[in-house]
Amino acid sequence: MTDQSVPQTMSAVVLTRHGGLDALEYRNDVPVPRPGPNEVLLEVHACGMNNTDVWVREGAYGSETDPQAVSTWRRGRSTLTFPRIQGTDSVGVIVAVGEGVPGTRVGERVIVDFSLYNRDDDSLADIDYIGHGRDGGYAEYQCVPADNAHAVDTALTDAQLATFCCAYLTGEHMLERADVQAGERVLVTGASGGVGSGIVQLCRARGAIPYAVTRADKAEALTAIGAEAVIDRDSDDWPAAVAAATGDQPIDVVADLVAGPHFNDLLRILRPEGRYTTAGAIAGPVVELDLRTMYLKQLQLHGSSQGRRSDFKRLLGHILAGRISPLLHGTYPLSDFHRAQTDFMAKNYVGKLVVVPDRHWDAVGAPHAHP
């Protein structure tokens with residue numbers, strides 16, 4: 001069943017190869033996809049931006065033997081092919097359904113779980129994601145598995161809803177991997193970004209106490225969303241700065257999105273038998289580790305990426321219950337994607353940036369001020 005207003009072609013941002021911003025082309029003649037069995041076609045209203053878009057474009061994931069190798073997400077078993085439409089955080093309306101999907105779903109407002117699980121259980125052993133293994137939401141229309149399109153009934157705008165999925169799901173899974181409990185203290189690095197600011201809120205949602213590491217000029221914004229205290233990332237001595245912020249109370253968990261030269265400091269900050277969890281390395285993925293710090297303190301180290309179906313279910317519950325709030329800093333028309341990603345990479349904001357297809361931008365005007 002198809003909405004008769006669906007056109008044959010659409011506008012989209014197409015990744016043509018690994019490289020710089022010139023590898024991204026805004027096109028007006030991309031064929032509108034048609035839903036296959038157990039799929040739905042969305043008219044995309046908004047799509048959030050994420051670091052993985054940039055890293056995949058640049059081929060910056062390296063390999064297990066060469067950190068500088070040009071490689072995409074999943075490294076040696078990549079499902080990325082060119083051309084590819086990226087974009088994980090889609091929000092929109094179902095306008096067509098494939099075989100096996102009830103026609104009554106046409107007209108549903110939905111948020112998309114971007115994970116492609118590839119297994120019936122809740123395992124992440126063979127996970128992929130929309131915008132990498134198949135086309136994503138930097139377009140006017142997008143096909144997704146019907147099970148990934150979750151109906152939402154909320155007063156939040158489409159752009160606000162598009163701030164949650166990738167960043168907050170990643171954060172929720174990090175906390176779940178580290179088994180964060182109510183009352184525990186969690187140090188969050190990169191706290192002003194999409195994942196970090198999400199983790200601050202998600203800690204509060206489960207009763208944990210977040211401490212944020214970020215630039216001094218962003219401290220007020222992080223305190224406003226729930227950070228117990230803020231540590232200046234430019235401090236000369238991170239362990240001392242954290243101890244001062246906590247009143248010498250122990251840090252149970254480090255949720256790290258930065259890595260780089262402070263990696264071993266973060267392990268020093270953890271209490272004995274503490275847990276470290278990571279899903280990013282924006283300050284450098286290759287780190288120095290003194291194994292004595294890890295084994296003498298009996299630390300746990302957890303790598304994390306994306307999330308499980310169960311994590312998404314909890315996240316959606318938090319959204320609908322109002323336990324977490326969108327941090328929408330700016331929106332851009334899809335046709336201005338190069339500027340959007342340039343501003344995204346500059347990181348001079350707290351929260352998330354979102355792109356909106358021009359047809360919806362023109363209809364409602366700029367839904368949020370640019371940075």
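This is a predicted model: local features need pLDDT of at least 70, side-chain atom pairs count only at pLDDT 80 or more; totals for chains, interfaces and linings use all residues.
Q: How much area do domain 1 and domain 2 bury between them?
A: The size of an interface is often given as the accessible area lost when the parts come together. Buried area is that loss with a 1.4 Å probe, summed over both parts. For domain 1 and domain 2 the value is about 1100 Å², 64% of it on carbon and sulfur atoms. On the domain 1 side, Trp55, Leu327 and Val350 lose the most area to domain 2, together 38% of what that side buries.

Q: How many residue pairs are in polar contact across the interface of domain 1 and domain 2?
A: A polar contact is a pair of N or O atoms within 3.5 Å; within protein, one must be able to donate a hydrogen and the other to accept it, and residues adjacent in sequence count only if both atoms are side-chain atoms. The rule finds five such residue pairs across this interface, both residues at pLDDT 80 or more. It finds zero salt bridges there (a side-chain nitrogen of Lys or Arg within 4 Å of a carboxyl oxygen of Asp or Glu).

Q: Is Gln306 buried or exposed?
A: Buried means under 20% relative accessible area, exposed over 50%, and partly exposed in between, with a 1.4 Å probe and protein chains only. Gln306 has 4%, so Gln306 is buried. Gln306 sits in the loop between β15 (300-303) and α9 (309-321); helices (H or I, at least four residues) and strands (E, at least two) are DSSP runs numbered from the N terminus. The Gln306 side chain makes a polar contact with the side chain of Ser115 at 3.0 Å and reaches the backbone oxygen of Asp128 at 3.2 Å.

Q: Where does Val354 lie?
A: Val354 is in strand β17 (residues 352-356) and is buried, at 0% relative accessible area. Beyond four places in sequence, its contacts include Ala46, Cys47 and Tyr332.

Terms used:
Residues are numbered from 1 along each chain as its sequence is written. Side-chain values use heavy atoms; hydrogens and water are left out. Buried area is the accessible area (1.4 Å probe) that two parts lose on being put together, summed over both. Contact means heavy atoms within 4.5 Å.
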